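I opened my notebook to keep track of what I looked up, one entry at a time. Follow along with the model on your own screen.

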Amino acid sequence: MEKTNNDWSMVCWVKTDQSTKANGVFWSFGASTPSSANRVYLQYNSSFNRLVVNLRTNSQNFIRAYALHDNSTQTGITNSTTGWTTSQRGNTNSAGWTMLTVTYDASQTIASNAFKIYWNASQLTSVAVSNNNTRTNNTMGRLAIGAQRHNLTTGLWNGLIDEWAFYNKVLSSTEVSNLYNSTRATAAQEVSTTNLITNVSFDNGQN
């Protein structure tokens, strides 16, 4: 799918098993030929304790980043030195899981307007970085979960990931709240199939 000029949303549930903070990629879409020049991804940057979403095309970055401690009301993470670890998982469901949602509005020319990130059902509002370099059309059809698409040996997420889902629309805050469901990780198709393109539940030994 062409990820630059189309609206989309990606959802995943995560649970860190990291005793000390470390970088990790939750998901990464890339072109059929692995390359760092054209990809879109969501990662945790441990140096700055930030969630970072980047639509990178033609080696140009279109970025929005949020420091977790600057959004402590939503995340429950207050200590930037400790970062996001097993001792500071922040606001989670009863089983220690967090739902991360990224929405992308292709009509917006500024990254701070194009992207939204939700922690569980709460939108992060305090932006640390917004980078608005030029975007170019690019079809990104290859997905890596818990790793970088262009390099599957670095930036691995040290923890659990469940119920990854992709929508070809900008999910509303109400739809994000319904997905979160306040209690547990729920397969996307059990909540709504509207504009749901694909999802991965990791059930029944699925890799």
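**Entry 1**

I began with an open sheet of 6 strands, paired antiparallel in the order 8-7-6-1-11-12. Its edge strands are strand 8 (122–123) and strand 12 (196–200), each of which pairs on one side only. Some ground rules for my notes: residues are numbered from 1 along each chain as its sequence is written, and side-chain values use heavy atoms, leaving out hydrogens and water. This is a predicted model, where local features need pLDDT of at least 70 and side-chain atom pairs count only at pLDDT 80 or more, while totals for chains, interfaces and linings use all residues.

I also noted my terms. Helices (H or I, at least four residues) and strands (E, at least two) are DSSP runs, numbered from the N terminus. Two strands pair if DSSP finds at least two bridges between them. Strands of a sheet pair through backbone hydrogen bonds, either parallel or antiparallel.

Next I zoomed in on one pair: strand 6 (residues 98–104) and strand 7 (residues 115–119) are antiparallel, with 5 bridges. Thr103 has Lys116 in strand 7 as its bridge partner.

**Entry 2: the helix on the sheet**

Which strands does helix 3 touch? Helix 3 (residues 173–180) packs on the sheet and touches strand 1 (8–16), strand 6, strand 7 and strand 11 (159–167); contact means heavy atoms within 4.5 Å. The direction of helix 3 makes about 155 degrees with that of strand 6. For such angles, axes are lines fitted to C-alpha atoms, for helices over the stretch in contact, and the angle runs from 0 to 180 degrees between N-to-C directions.

I then listed the buried residues of helix 3, which are Val176, Leu179 and Tyr180. Buried means under 20% relative accessible area, exposed over 50%, and partly exposed in between (1.4 Å probe, protein chains only). Seen down the axis of helix 3, these buried residues fall within an arc of 100 degrees, so they line one face of the helix. The arc is that of the directions from the helix axis to the C-beta atoms.

Is Val176 buried or exposed? Val176 counts as buried, at 0% relative accessibility. Leaving aside neighbours within four places in sequence, I found Val176 in contact with Met99, Thr101, Tyr118, Asn120, Ala121 and Leu171. Val176 and Gln123 are 53 residues apart along the chain, yet 9.4 Å separates their C-alpha atoms. Just after helix 3, I spotted Asn181 with a positive phi of about 60 degrees.

**Entry 3: an enclosed strand**

I moved on to strand 2 (residues 24–30), where 7 of the 7 residues are buried, so this strand is largely enclosed by the rest of the structure. Strand 2 runs antiparallel to strand 3 (residues 39–45), joined by 6 bridges, and Trp27 has Leu42 in strand 3 as its bridge partner. Strand 2 also runs antiparallel to strand 10 (residues 142–145), with 4 bridges; there, Phe29 stands opposite Leu143.

**Entry 4: a loop glycine**

I found Gly90 in the loop between helix 1 (72–75) and strand 6. Gly90 is partly exposed, with a relative accessible area of 28%. Not counting residues up to four places away in sequence, Gly90 touches Thr75, Gly76 and Ile77.

**Entry 5: the whole chain**

Last, I zoomed out: the chain has 4 helices and 12 strands. Of its 207 residues, 48% count as buried. Its C-alpha atoms fill a box of roughly 40 × 35 × 35 Å, taken along the principal axes.
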